[in-house]
Amino acid sequence: MRACTESVEQGLYTRPAYTLSREDSEHPLILVCEHASRFIPPALNDLGLNADAARQHIAWDIGALALAERLSETLGATLLAANYSRLLIDLNRPRHAPDSIPPQSEIYQVPGNQQLDEATREHRRQMLFKPFHTRLQTLIDERVAQGRPVRVVGIHSFTPVYYGQQRPLEAGVLFGEARQYAQNVLDGLARHPLKVAGNQPYKIDPLGDMTVPVHGDARGLQALLIEVRNDLLRTPENIDRWAGYLAPLL
Ligand SMILES: [Zn+2]
């Protein structure tokens, strides 16, 4: 019989929780891609989703990692990217948020997240959530201690159809305290023929978001979350196009 502190998922999380690129960059920007990966350990059988659903936007932000990597290359900026699916535990939610380990996502039930025991929930926090956020925090701590400027930007993508509704918006700049930084990025994007808006298609919620409020706003640092519609991030040319729009503004 297993001890009550022992998870059924013991031993499954063998790859690192994150990939850190250009750690020693001198650029003030730290790029974060919390929803970079759709990887779920094979033993978890896609958490009971069908194979198609497990490849959709609910599992990851399609195109976001490619865009984040392109921005990191272009600017020479540090990038911290997750190596596991957001469905296991969402790295952009506080650890005790109700949808941290979502029992359903948009129109999809996630059977493998339903009726999870506390030991397994805690195991995911320890294996996936804690390493990612500890690394981000220490990265920021080191630079702040050196008196260096730090800006934190999360790179995300959103689905063009949500609960059956088409979304005409092409990109959003989400912010809490960093109003001027956000406005500068919005003004820069508005010089192109793009449908962009502030705090759409989502808003930063201090109780529902992690990266911007915790690593940025609470520390008095400039922090944004960029959302690009994922049908615009499907080819290398389009990745380059969006990196070209964003790189000079971040
Ligand atoms: Zn996302």
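Analyst: Both His35 and Asp61 are buried, where buried means under 20% relative accessible area, exposed over 50% and partly exposed in between (1.4 Å probe, protein chains only). This is a predicted model, in which local features need pLDDT of at least 70 and side-chain atom pairs count only at pLDDT 80 or more, while totals for chains, interfaces and linings use all residues. Residues are numbered from 1 along each chain as its sequence is written, and side-chain values use heavy atoms, with hydrogens and water left out.

User: Which residues are the protein donors of the zinc ion?

Analyst: Donors are N, O and S atoms within 2.8 Å of the metal (3.2 Å for Na, K and Ca); water is not among the atoms, so sites may look incomplete. Here the zinc ion has His35 (ND1), Asp61 (OD) and His156 (ND1) as its protein donors, at 2.0 to 2.1 Å. Their spacing in sequence is H-x25-D-x94-H. His35 and Asp61, 26 residues apart, both belong to the loop between strand 2 (29–33) and helix 1 (64–75). Helices (H or I, at least four residues) and strands (E, at least two) are DSSP runs, numbered from the N terminus.

User: How many aromatic pairs does a search of the whole structure find?

Analyst: A pair of aromatic rings is described by the distance of the centres and the angle of the planes. Rings of Phe, Tyr and Trp (its six-membered ring) pair if their centres lie within 6.5 Å; planes under 30 degrees apart count as stacked, over 60 as edge-to-face and the rest as tilted. The search finds five aromatic pairs. One of them, Tyr162 with Tyr202, is edge-to-face, with 6.4 Å centre to centre and 85° between the planes. Tyr162 lies in strand 7 (residues 161–162) and Tyr202 in the loop between strand 10 (196–198) and helix 4 (211–216), so the pair ties together parts that are 40 residues apart in sequence. Tyr162 is partly exposed because its relative accessibility is 28%; Tyr202, at 29%, is also partly exposed. Elsewhere, Tyr13, Phe39 and Tyr84 form one aromatic cluster.

User: Which charged end sits over the ring of Tyr162?

Analyst: A charge sits over a ring if NZ of Lys or CZ of Arg is within 6 Å of the ring centre and within 35 degrees of the ring normal. For Tyr162 the charged end is that of Arg167, 4.2 Å from the ring centre. Arg38 is placed over the ring of Trp60 in this way, at 5.5 Å from its centre.

User: What volume does the largest pocket have?

Analyst: Rolling a probe the size of a water molecule over the atoms shows where empty space is left. On a 1 Å grid over the protein atoms alone, a cavity is a set of points where a 1.4 Å probe fits but cannot get out, and a pocket is an open set with protein on both sides within 12 Å along at least five of seven lines; lining residues have an atom within 4 Å of a point. Grid points are joined across faces, edges and corners, and a volume is the space filled by probe spheres set on the points. The largest pocket has about 590 Å³. Of its 32 lining residues, the closest to the centre are Arg86, Asp90, Arg93, Tyr162 and Tyr202. Strand 6 contributes the most to this lining, with three residues.

User: What is the volume of the largest cavity?

Analyst: The largest cavity has a volume of about 50 Å³. Among its lining residues are Glu34, Tyr84 and Arg86.
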